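Please examine the sequence and the structure shown below.

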Amino acid sequence: MNLIQNTILNSLPANKKKTPSGWISFNAPCCIHNGETQDKKKRGGIMAGADGTLSYHCFNCGYKASYVLGRKLTQKMRTFMGYIGIADDTIKKLAIEAMRHEEGDIKYEKKKFVSFHKKQMPKNTHSLDVWLEKYVAKDLTAPQYNKIDGLLNYLKVRGIDPTWYDFMYSPDMWVARWLMEKICDINGLAVSLDPKPVTGDWNGAGCHTNFSTKGMREEGGDDVIHKAIKKLKPLHQGHIDVYGSGNEKRLTGEHETCPITEFRWGVSDRGASVRVPWQVDKDGKGYLEDRRPSANCDPYLVAWRLIKTICGDD
Ligand SMILES: [Zn+2]
């Protein structure tokens, strides 16, 4: 926390909401200055980084401003500070404070920005801006909301401002993996999707797949679930064939797995190939969890195989 961050955070409108990742939303003060009507839907959002950075985003009129420690206080940020009622002379003092950090304080290393090659993105990929707008408006399903919040939190704890890069997000697992690789790359880390990245007496990396059909989720769904499990059993090998490579290193019968050569199901059984969660058994409806796919699986193949077996004629 620094003086600039502190002053801005303390001057935000009183009526605001904070999400688990620290995203603060409030009625945007910028819009009326930019030819839009007064925001009443808390479409202004601010995120404070642990490293002293701060970024503001308005999803109504599109106003954006950020402050990066070790850089000048931009005109856009100074204007925003005026919008939230910070006095002119305070803004001037803080602008000088920012310059002081910029010049003298070697403790604050200047940010280095990495550039990336453009890549073709899968369908349903949107820039983080688009997701953030839905996120601020709470216009997301609970799992999507949690994912965006987790993503913001992930960026925040690593001192990355969501506005620095054109972050893309998709519910698609391929993009999640791509994003993870990029973020790790910035931090000098590498990612392995191997089912058993390090051999030894510990769990491997799986891609437990929750599956349900409409019938499974309705009254009497447990019958439908048990019928599905009956269909899965004789086709075990056909599933293993597309559940990821090197999976035999993980599915050994130890570390919460069932041996790759066996098919077993159970309620609340983490040593089974297919688990019926305790809650599902209790409710008599819900979903099944296929614990066999490995971390490096192709989610489309896994989904295809499950649909083919359970919903098809196989
Ligand atoms: Zn605005």
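This is a predicted model: local features need pLDDT of at least 70, side-chain atom pairs count only at pLDDT 80 or more; totals for chains, interfaces and linings use all residues.

Reader: Of the 37 residues in the largest nonpolar core, which touch the most other members?
Author: A nonpolar core is a set of buried Ala, Val, Leu, Ile, Met, Phe, Trp, Tyr and Cys residues joined through C-beta atoms within 7 Å. Buried means that 20 or more other C-beta atoms lie within 10 Å of a residue's own (exposed: 12 or fewer; partly exposed: in between), with C-beta atoms placed from the backbone. In the largest such core, of 37 residues, the most other members are touched by Cys30 and Phe80.

Reader: Which element gives the most to this core?
Author: Helices (H or I, at least four residues) and strands (E, at least two) are DSSP runs, numbered from the N terminus. Several supply at least two residues each, including α1 (3-10), β3 (44-48) and α4 (128-136). The most, five residues, come from α4.

Reader: Why is β3 largely enclosed by the rest of the structure?
Author: Gly44, Ile46 and Ala48 point one way from β3, while Gly45 and Met47 point the other way. β3 is largely enclosed because the number of its five residues that are buried is five.

Reader: In β4, which residue is the bridge partner of Ile46?
Author: Two strands pair if DSSP finds at least two bridges between them. β3 and β4 run antiparallel and are joined by five bridges. The partner of Ile46 in β4 is Tyr56.

Technical notes: Residues are numbered from 1 along each chain as its sequence is written.
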